[in-house]
Amino acid sequence: MQKMSFKDVNPSLKDFYNRALDGQRRDDLDYAISTMKAVVQKAPGFIEARKKLREMELEKFDKVGGPGIGVALKNMRFSGKIRKMIPENPTRALTACEDMLALCVNNPTMLKLLAEAGEAAEAPFIVMEALELLIKFNPRAQDQIERLSELYRKEGQLDDTVKLFQALALQFPNDFDIQSKLRDATREAGRAKGKQNDTSERESLTLQLEDSILRDPGQARIMIEKYNAMLKENDSIDIRRKLASAYMVAGDYDMAAQALERVAKTLGSLDPQLDKLIEKAYLAKFDHNIRLLQSNPQAYENSEQQIAEYQTAREAFRLDRAQRRLAAYPRDAQLQLDLGNLHFERGEYDAAMVQFNEASNNSQRRVQARVGIGRIMMTQRNWTEAIRVFSEALGEMIRADRFKLDVMYDLARCYEAVGELPRALETFKEILQNNVKYRDVKQQIERIESA
């Protein structure tokens with residue numbers, strides 16, 4: 001199987017690819033994953049699509065968490081069938097693996113099958129992708145590490161071997177075996193380039209950090225230095241976005257906002273997603289100041305009053321930014337939904353209802369907006385109407401993700417409020433089947449059963 005770049009795929013797949021990216025920008029991960037998965041299944045060699053799909057799936061995993069019982073049961077049901085497909089039709093096996101990984105990317109069974117199918121399809125890039133994910137979720141998987149490093153060497157990707165062991169060395173700094181393998185890999189890569197390995201530890205680290213998610217302030221400061229040096233040669237929007245992210249991790253929120261506002265000025269028009277990032281930087285600064293006051297109130301004069309003022313200013317700032325975005329794009333259903341949720345948080349239910357009703361006219365935001373309306377009904381103790389709205393919304397949901405479980409939980413509470421305990425119990429038990437660790441659902445079941 002050959003790799004494909006963006007220029008190699010047909011226009012219809014490019015259109016679906018762009019639709020998926022648009023879904024990701026709107027924070028509609030289920031739509032984005034479903035659409036990008038279809039692209040990858042049609043063109044499994046399309047590298048850009050594969051990378052974006054994994055990025056989306058990992059983003060969803062960070063938000064939702066691990067697989068539920070439903071995924072485990074499907075693994076048992078389909079893994080044997082997929083294994084039989086691999087020698088006869090590896091492309092079909094790849095398609096089946098993608099269906100399961102879209103439910104939860106942290107699925108060792110499917111990732112191993114993906115690697116086997118990629119090998120049968122003579123697609124080493126798919127094998128490497130699957131092994132990289134297996135190691136991400138289990139950094140101590142020695143057999144997978146050895147297999148991936150050997151594949152990197154076979155494909156002449158010695159720099160990737162170095163990155164692999166650099167990442168492991170950062171996670172396990174006291175593991176002498178990993179440190180030794182990192183040194184060996186670095187020397188081998190240096191020899192292959194026909195020069196002495198004089199790359200400093202700092203330079204090697206920046207090479208690895210560029211393609212990873214920064215989480216450590218020390219690492220972030222290294223990248224800040226690198227990005228600022230890069231900006232002197234090429235003042236690009238992409239580098240400034242990365243610089244802002246590094247400043248956020250380093251805790252320098254003013255500089256993060258400054259870098260993002262520089263990007264906004266370059267673009268010339270208000271970009272809602274960029275504006276949300278700018279807002280995030282300012283909110284982080286508010287939160288930082290509030291934490292300082294709370295951690296040592298005796299050190300500040302009128303600390304309680306200052307905390308209250310910061311909290312009031314923070315919420316006013318959030319409302320102002322949300323209203324400003326919607327004023328710039330009055331027909332954007334996501335921005336209507338954002339403002340509606342913010343009004344709901346503030347207890348401004350009439351204003352929230354206006355925005356939810358507007359957003360419900362959009363087919364892609366209808367379900368979320370209707371759920372917002374249902375929650376307003378709950379605050380008004382209009383349980384019967386809330387049950388009707390939640391039931392309609394659940395009827396349009398396919399995947400049992402966190403959002404759906406939240407709505408089911410609210411529905412169960414409504415059933416209980418109107419005295420329909422059997423239906424409340426049934427709904428709570430359905431939640432438990434999908435996620436045994438969801439909130440206090442076990443206690444809710446025990447309480448109703450004992451009653």
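Select Tyr282, Phe286, Tyr310 and Phe317: ring pairs link these residues into a cluster. Rings of Phe, Tyr and Trp (its six-membered ring) count as a pair if their centres lie within 6.5 Å; planes under 30 degrees apart are stacked, over 60 edge-to-face, and the rest tilted. This is a predicted model, in which local features need pLDDT of at least 70 and side-chain atom pairs count only at pLDDT 80 or more, while totals for chains, interfaces and linings use all residues. Residues are numbered from 1 along each chain as its sequence is written, and side-chain values use heavy atoms, with hydrogens and water left out.

The structure holds eight aromatic pairs. Go to Phe61 and Phe137: the ring centres are 5.2 Å apart and the planes lie at 70°, so this pair is edge-to-face. Phe61 is in helix α3 (residues 47-64) and Phe137 in helix α7 (residues 124-137), so the pair ties together parts that are 76 residues apart in sequence. Helices here (H or I, at least four residues) are DSSP runs, numbered from the N terminus. Phe137 is partly exposed, at a relative accessible area of 23%; buried means under 20%, exposed over 50%, and partly exposed in between (1.4 Å probe, protein chains only).

Return to Phe286 and Tyr310, another edge-to-face pair, at 6.4 Å centre to centre with 75° between the planes. Phe286 belongs to helix α15 (residues 272-295) and Tyr310 to helix α16 (residues 303-328), so parts 24 residues apart in sequence are tied together. Buried or partly exposed: which applies to Phe286? Phe286 is buried, with a relative accessible area of 17%, and Tyr310 is partly exposed at 28%.

Next, select Tyr409 and Arg439. The charged end of Arg439 sits over the ring of Tyr409, 3.8 Å from its centre. That label requires NZ of Lys or CZ of Arg within 6 Å of the ring centre and within 35 degrees of the ring normal. Arg19 lies over the face of Phe16 in turn, at 4.9 Å from the ring centre.

Last, show Leu342, in helix α17 (residues 333-345). Leu342 counts as buried, at 5% relative accessibility. Leaving aside neighbours within four places in sequence, Leu342 is in contact with Arg318, Leu319 and Ala322, where contact means heavy atoms within 4.5 Å.

Definitions and conventions
Helices (H or I, at least four residues) and strands (E, at least two) are DSSP runs, numbered from the N terminus.
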